[in-house]
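Reader: Hi! Could you walk me through some strands in this one?
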Amino acid sequence: MNSPTNSSPRTKLTTEDAAVATIESGMTIGIGGWGSRRKPMSLVRALLRTDARDLTVVSYGGPDVGLLCAAGKVKRLVYGFVSLDSIALEPHFRAARQAGTIPEPVEYDEGMLQWALYAGSLRLPFLPTRAGLGSGVMDVNPSLRTVRSPYDDAEELLAVPAIRLDAAFVHLNRADARGNAQYLGPDLYFDDLFLAACEPGRRFVSVEKVVPTEQLLTEGTFHTLKVNRSMVDGVIEAPNGAHFTTCEPDYGRDEAFQKAYVDAARDGDSWKGFVDRFLSGSEADYQSAVAAWRAENEVKK
Amino acid sequence: MSTELADVVAVACAEAWRGDGEIFASGMGTIPMLGARLARATFEPDLMVSDGEAFFVAGDLPIGGRDKTIEGWIPFRQVFDTLWGGRRHVMMGASQIDRFGNTNIANIGPWAKPKAQLLGVRGGPGNTVNNATSFFVPKHTATVFVPTVDMVSGVGYDRAAKLGGFIAARHDLRRVITNLAVLDFGGPDHAMRLVSTHPGVSVDDVRAATGFELHVPSDVPTSRGPTDDEAAAIARIDPKGLRHREVAA
């Protein structure tokens with residue numbers, strides 16, 4: 001039998017600010033979610049408050065990529081798309097690409113990005129695929145290599161190079177304090193791969209609610225437990241932390257606020273106003289500024 | 001009552017999936033989604049259609065409808081698995097398309113510093129070398145139908161032929177449906193060919209709106225309108241008439 005001192009579980013509870021304090025300039029950060037869906041926005045907002053820069057960002061991009069581009073923190077961006085879903089084009093990403101202010105864009109097919117993360121998670125140098133062959137992806141990424149099947153077919157395939165991350169941020173619905181995490185919505189996206197492709201030390205999961213381990217199955221079946229504690233270093237309780245993106249079934253996208261975000265991005269003055277009002281303080285300040293904005297807009301209706 | 005353009009276009013989109021059987025009919029946007037559901041509701045009952053989020057749905061789910069009968073689960077990871085396995089026919093948009101079906105949804109102008117950044121290549125490269133792909137273009141103009149696309153997000157027949165092997169043998173771009181016409185790649189060397197023009201549209205109208213030489217057979221029929229069954233299905237699937245917002249008469 002183990003001695004009692006060995007059996008007390010280690011808590012991984014931390015805060016957004018403590019998590020992003022571990023991020024150094026030049027690191028490679030993977031951000032979970034998809035477009036404007038279940039993005040770890042409270043962690044992204046915390047990252048905006050740090051001095052970290054020259055980051056490599058890997059993402060199925062949405063407002064996470066937009067905000068980091070607008071803040072000038074991105075050196076290299078690995079993406080298949082950047083979109084707000086219900087609003088097709090992300091304004092800050094668009095402006096940054098058109099101004100040429102993302103020094104090293106790396107544009108992949110969506111499935112290639114999955115393969116890169118999966119290879120990274122399995123510690124393989126690459127995984128083969130047909131996705132990308134013959135397309136502009138090969139033209140704009142001259143470092144990509146192909147590999148020939150060693151079997152009789154001898155087919156030439158694209159060898160998608162593995163991505164290993166220095167840090168991973170994902171937002172899920174529930175977790176316990178040890179890092180067993182749960183998604184309750186319709187799609188995990190590739191959040192498990194972002195965590196598995198990341199070096200231990202900076203794998204952060206924010207959740208709507210931290211619950212005791214024995215309550216993990218009260219809201220979803222065991223099928224929803226795709227992230228276990230060996231994949232997680234820090235757990236952050238972040239209610240409404242994915243705002244303004246979706247976090248089904250806890251809440252949907254705040255479409256009105258997303259539209260206000262896009263409208264504000266149209267010119268420098270209005271964006272400065274948005275930053276002053278929403279992005280200049282703590283996460284608690286953000287949430288109360290959003291609540292106030294909502295109340296105003298309710299009155300206007 | 002005269003047939004409305006959006007109904008002709010919806011039927012033309014549905015026709016793209018004729019004969020596909022039990023595969024995932026995936027439509028990006030209102031009219032392609034309507035087309036897939038219309039085909040399933042009428043002449044292609046084994047097709048599988050999704051709610052556009054993560055579920056396969058049975059029955060005639062209206063566009064944007066929430067009261068769904070779920071028959072399967074198709075999160076993004078399974079979408080990739082399904083399309084890499086070839087069990088899908090997708091209808092996508094195209095901001096640019098050339099004579100051999102190379103398409104672009106990524107950016108206008110040079111990729112390194114685009115004049116207009118669009119979505120990025122998204123799933124276009126994987127789609128076009130793995131599963132059947134059709135395209136829907138709501139406004140047929142010479143700025144969309146171009147001699148050369150600025151970024152190849154979807155692989156056309158000339159590029160697929162150069163790859164050879166598995167991809168060239170199975171490369172399958174089906175149809176291009178626009179507000180003017182239906183086209184396919186049945187011309188010489190899989191060049192784009194005019195299949196039919198919509199009511200009131202002439203072959204010359206289509207030629208004038210196309211920025212490359214189109215293969216035009218001697219006999220070009222007029223695109224058909226919906227049958228009674230199809231009209232009833234369209235009314236069930238798009239009761240709010242959202243299709244009329246995508247193609248102007």
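Author: Happy to. β9(A) and β10(A) make a hairpin with five residues between them, and A:Gly179 in the turn has a positive phi of about 105°. Strands are DSSP runs of E, at least two residues, numbered from the N terminus.

Reader: Good to know. What are the ground rules here?
Author: This is a predicted model: local features need pLDDT of at least 70, side-chain atom pairs count only at pLDDT 80 or more, and totals for chains, interfaces and linings use all residues. Residues are numbered from 1 along each chain as its sequence is written, with chains lettered from A and ligands numbered from 1 in the order in which they are written.

Reader: What about β2(A) and β9(A), parallel or antiparallel?
Author: Parallel, through three bridges. A:Ile31 has A:Phe169 as its bridge partner in β9(A).

Reader: Is β9(A), residues 167-175, mostly covered or mostly open?
Author: Mostly covered: nine of its nine residues are buried, meaning 20 or more other C-beta atoms within 10 Å of a residue's own, with C-beta atoms placed from the backbone.

Reader: Switching to chain B, what is the strand order in the open sheet?
Author: The order is β1-β5-β10-β11-β12-β13, with mixed pairing. β1 (24-27) and β13 (193-197) of chain B are the edge strands, each pairing on one side only.

Key: Pairing = 2+ DSSP bridges. Helix = DSSP H or I, 4+ residues; strand = E, 2+ residues; numbered from the N terminus. Buried ≥ 20, exposed ≤ 12 C-beta atoms within 10 Å, placed from the backbone.
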